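Please find below a note on the model under review. The points are numbered and may be read alongside the sequence and the coordinates.

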Amino acid sequence: MSTIERLASPDGVVREKARHALIDAKSDEVMLALIAKLDDRRHQVRWEAAKALSEIGDSSASSPLVHAMDDSDSDVAWVAAEGVAGMGEVGLSAVLGGLIRSSRSGEFHRAAHHALKEFSRRGIRRDVVKFVMNALEGAAPKLSGPVATYKAMQQMDVPRLAP
């Protein structure tokens, strides 16, 4: 059984050891395998993949982690949000892009709000983060969130993403 396959073990210790081995490896192949596991049908595999990608911290995983912030399992979404927050401005740009693309998903808004709190806590673009968080905390976040996010992306000079 390969290390990546051990992420599906029913034994948590086996999964944790596999995750740490993958983190230590940090190769392109490992990154691609972990990104693929973000879509696994088993929530524990998705969680382990999100956790490993978060701990590796390679900014190439920012978009896949943002996608995982809309996971049906809130634990997976939360780990992904924390991971992308550790990627600095690259992660913030990815979250902002996700807020525009997933503007109607309440689950994504909750995970994005969590990520934004983490960005603020880490001192990353607090002005931009506060502006977007205020919109997400308002009366109509599904309407005001994308508008505020678009303005924030302009302020950060992030290229506009295709819908």
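1. Is the crossing of α5 and α7 left-handed or right-handed? The crossing of these two helices is right-handed, a term that applies when the near helix is turned clockwise from the far one by less than a right angle, anticlockwise being left-handed. The model is a predicted one, in which local features need pLDDT of at least 70 and side-chain atom pairs count only at pLDDT 80 or more, while totals for chains, interfaces and linings use all residues. Residues are numbered from 1 along each chain as its sequence is written, and side-chain values use heavy atoms, with hydrogens and water left out.

2. Overall composition. The chain contains nine helices and zero strands, where helices (H or I, at least four residues) and strands (E, at least two) are DSSP runs numbered from the N terminus. The order of elements from the N terminus is α-α-α-α-α-α-α-α-α.

3. Overall dimensions. Along the principal axes, the C-alpha atoms fill a box of roughly 50 × 30 × 25 Å.

4. Of the 163 residues, 48% are buried (buried means under 20% relative accessible area, exposed over 50%, partly exposed in between, with a 1.4 Å probe and protein chains only). Among contacts (heavy atoms within 4.5 Å) between residues at least 6 apart in sequence, 62% join residues at least 24 apart.

5. The nonpolar core. In soluble globular proteins, nonpolar side chains tend to be buried together. Here the largest nonpolar core has 46 residues; such a core is a set of buried Ala, Val, Leu, Ile, Met, Phe, Trp, Tyr and Cys residues joined through side-chain atoms within 4.5 Å. The residues with the most contacts inside this core are Leu34, Met69, Val95, Leu96, Leu99, Leu116 and Phe119. Setting aside residues up to four places away in sequence, Leu34 touches Ile4, Leu7, Leu22, Ala49, Ala52, Leu53 and Ile56.

6. Helices α5 and α7. Helix α5 (residues 74-85) packs against helix α7 (residues 106-121) at an angle of about 35°, with the axes 8 Å apart. Axes are lines fitted to C-alpha atoms, for helices over the stretch in contact, and angles run from 0 to 180 degrees between N-to-C directions. The contact is formed by Ala77, Trp78, Ala81, Glu82, Val84 and Ala85 of α5 together with Arg110, Ala111, His114, Ala115, Glu118 and Phe119 of α7. These residues divide into eight nonpolar, one polar and three charged (Ala, Val, Leu, Ile, Met, Phe, Trp, Tyr, Cys and Pro count as nonpolar, Asp, Glu, Lys and Arg as charged, and the others, Gly among them, as polar).

7. Helices α1 and α3. The axes of α1 and helix α3 (residues 43-56) come within 9 Å and cross at roughly 35°, and this crossing is right-handed. In α1, Arg15, Glu16, Arg19, His20, Leu22 and Ile23 meet Gln44, Trp47, Glu48, Lys51, Ala52, Glu55 and Ile56 in α3. The residues of this contact comprise five nonpolar, two polar and six charged.

8. Arg19. This residue is in helix α1 (residues 12-25). Why does Arg19 count as buried? Arg19 does so because its relative accessibility is 8%. Apart from residues up to four places away in sequence, Arg19 touches Leu7, Trp47, Glu48, Lys51, Ala52 and Glu55.

9. Most residues other than glycine have a negative phi, and most peptide bonds are trans. Lys26, although not a glycine, has a positive phi of about 45°; Lys26 is in the loop between α1 and α2 and, at 53% relative accessibility, counts as exposed. Arg125 likewise has a positive phi of about 45° and is not a glycine.

10. Surroundings of Arg125. Arg125 lies in the loop between α7 and α8 (126-136) and is partly exposed at 24% relative accessibility. Leaving out residues up to four places away in sequence, Arg125 touches Glu89, Leu92, Gln155 and Met156. Arg125 and Met156 are 31 residues apart in sequence, with their C-alpha atoms 8.7 Å apart in space.
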